[in-house]
Amino acid sequence: MMEHTAPVNPWVALAYLVAGVCFILALRGLSSPATSQRGNRYGMIGMLIAVVTTVLTHLNVGVWEILVAIAIGGAIGLVTARRIAMTDMPQLVAAFHSLVGLAAVLVGVAAYLNPVAFGIGEMVIPLIGDPFVVIHQVSRIEMGLGVAIGAITFSGSVIAFLKLNGNMSGSPIMLPGRHVINLAVLAGIIGLIAYFLTDQSGWVFWTITALSFVIGFLLIIPIGGADMPVVVSMLNSYSGWAAAAMGFTLHNTAMIITGALVGSSGAILSYIMCKAMNRSFISVIAGGFGASDAGSSGGGAAIDRPWKRGSAEDAAFLMSQAEQVVIVPGYGMAVAQAQHVLR
Amino acid sequence: MDFISILSIFVMACFVGYYVVWSVTPALHTPLMAVTNAVSSVIIVGALIASAAAGSATSKYLGLLAVVLASVNIFGGFAVTQRMLAMYKKKERPAAPVSGK
């Protein structure tokens, strides 16, 4: 038995629990401006505890390699975060999600290639023939789900990034029969994960991964640019579920607690954002109902409400004529530092 | 740990996540999303386990690559959140002395 599958070291479990509590306080703190800075600090502390604990329990090999890897990633992350323009923030967050998705896929692949070391498989030595490794059935499902969700997060976030960054048209791209295609691909993934239970051979695993990359792409391309913030938040939720699924595979409570936390809060946040924008959650997620071909769906009429886009001069004219002006503060206003003027 | 106790932890954590964000002010949606993103890089724990696992060089390097990706997200995610929050903080600061007088 390897270290991390042996009866859990109580100190490690305790440290992971503390990290989990820090993350909860982080999310809680971010819900009000007064406590938000403290909340962010709690998040950093929680992450530090989780990383240090994990490194300390795996001191057996290559600590230097790990530290170098963290230093490289950290430097890239910090420089990007400092340099990026405030208005480019949504696409940066989308790009960051794709990294989490890809990391989840890589961890899943690593676990698949080396199941014995992860404690999710056993070496079987038959009387005749070569020894082979059997992966536990529960682990196969967890691993399949983790890789699938990770891959969807990755390709979906890449598309969201391209759309927000303007590398790709923000308008919805409608494939003919896309709902049928999407359902077929999804059914294929689920079917293959079920089949993975009886057959652990490589083609099943790789097909699950490939199909999941495809479905992530297909799910996001029909969604228009205006709905992207909700999609980014939804992908955030997916990245949490991917982390949780990998946590199940590796029997790691830190990943399970945090993944579940991010997964459910991300889903709620997307729902709240939809409410704030007066959009139906289901239609955003199902994709592109706001576009012209969606007249068939019942929700279409409610969504196609009129809106106007004007220049600053138009706005100034309208406001000077108006008796009452309602200003809805949001992220854009903070970016423009307009709150000082308003006061 | 057996599957059921892991599952219980998972379900409880889902509920905590569900209740903790309901009261968020609309102005903080984007920062909250940024911090949740930073927190989701807890996948680095899995990446670290993968890069420390003995037996397969390929899976070790995949793990190290995942460590790099996740740490971009950790440092970048928290730094970006801090930058965003700094803008909200300025809103509070000048207000405090004015209301005090």
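Modeller: A residue counts as buried under 20% relative accessible area, as exposed over 50%, and as partly exposed in between. Please bear in mind that this is a predicted model.

Colleague: Is A:His251 buried, exposed or partly exposed?

Modeller: A:His251 sits in the loop between α8 (228-250) and α9 (253-276) of chain A. Its relative accessibility is 28%, and because this value falls between the two cut-offs, A:His251 is classed as partly exposed.

Colleague: What is the phi of A:His251?

Modeller: In general, most residues other than glycine have a negative phi. A:His251 is a residue other than glycine with a positive value, and its phi is near 55°.

Colleague: Which backbone oxygen does the side chain of A:Thr54 reach?

Modeller: A:Thr54 is found in helix α2 (residues 36-57) of chain A. With a relative accessible area of 0%, A:Thr54 lies under the 20% cut-off and is therefore buried. Beyond its neighbours within four places in sequence, A:Thr54 is in contact with A:Tyr16 and with B:Val45, B:Leu48 and B:Ile49 of chain B. At 2.6 Å, its side chain reaches the backbone oxygen of A:Ala50.

Colleague: Is A:Thr198 buried or exposed?

Modeller: A:Thr198 belongs to the loop between α6 (178-196) and α7 (202-220) of chain A. A polar atom of its side chain lies 2.9 Å from the backbone oxygen of A:Tyr195. The relative accessible area of A:Thr198 is 65%, and because this is over 50%, the residue is exposed.

Colleague: How far apart in space are A:Thr198 and A:Leu25?

Modeller: In sequence, A:Thr198 and A:Leu25 are 173 residues apart. Taken from C-alpha to C-alpha, their separation in space is 42 Å.

Colleague: Which residues touch the most other members of the largest nonpolar core?

Modeller: The largest nonpolar core has 110 residues. Another core, of nine residues, lies apart from it and includes A:Ile256, A:Ile257, B:Phe10 and B:Cys14. In the largest core, the residues that touch the most other members are A:Phe118, B:Ile43 and B:Ile44.

Colleague: Over which residues of chain A is the pLDDT below 50?

Modeller: Chain A averages a pLDDT of 79, and 79% of its residues score at least 70. Where pLDDT is low, the predicted coordinates should not be read in detail. One such stretch has twelve contacts beyond four places in sequence, and another has 20 contacts beyond near neighbours in sequence. These stretches are residues 1-5 and residues 288-306.

Conventions:
Residues numbered from 1 in each chain as written. Chains lettered and ligands numbered in written order. Predicted model: local features only at pLDDT ≥ 70, side-chain atom pairs only at ≥ 80, totals over all residues. Heavy atoms only, no water. pLDDT = per-residue confidence, 0-100. Contact = heavy atoms within 4.5 Å. Helix = DSSP H or I, 4+ residues; strand = E, 2+ residues; numbered from the N terminus. Buried < 20%, exposed > 50% of the residue type's maximum accessible area, 1.4 Å probe, protein only. Polar contact = N/O pair within 3.5 Å; in protein donor to acceptor, adjacent residues only side chain to side chain. Core = buried A, V, L, I, M, F, W, Y, C linked by side-chain atoms within 4.5 Å.
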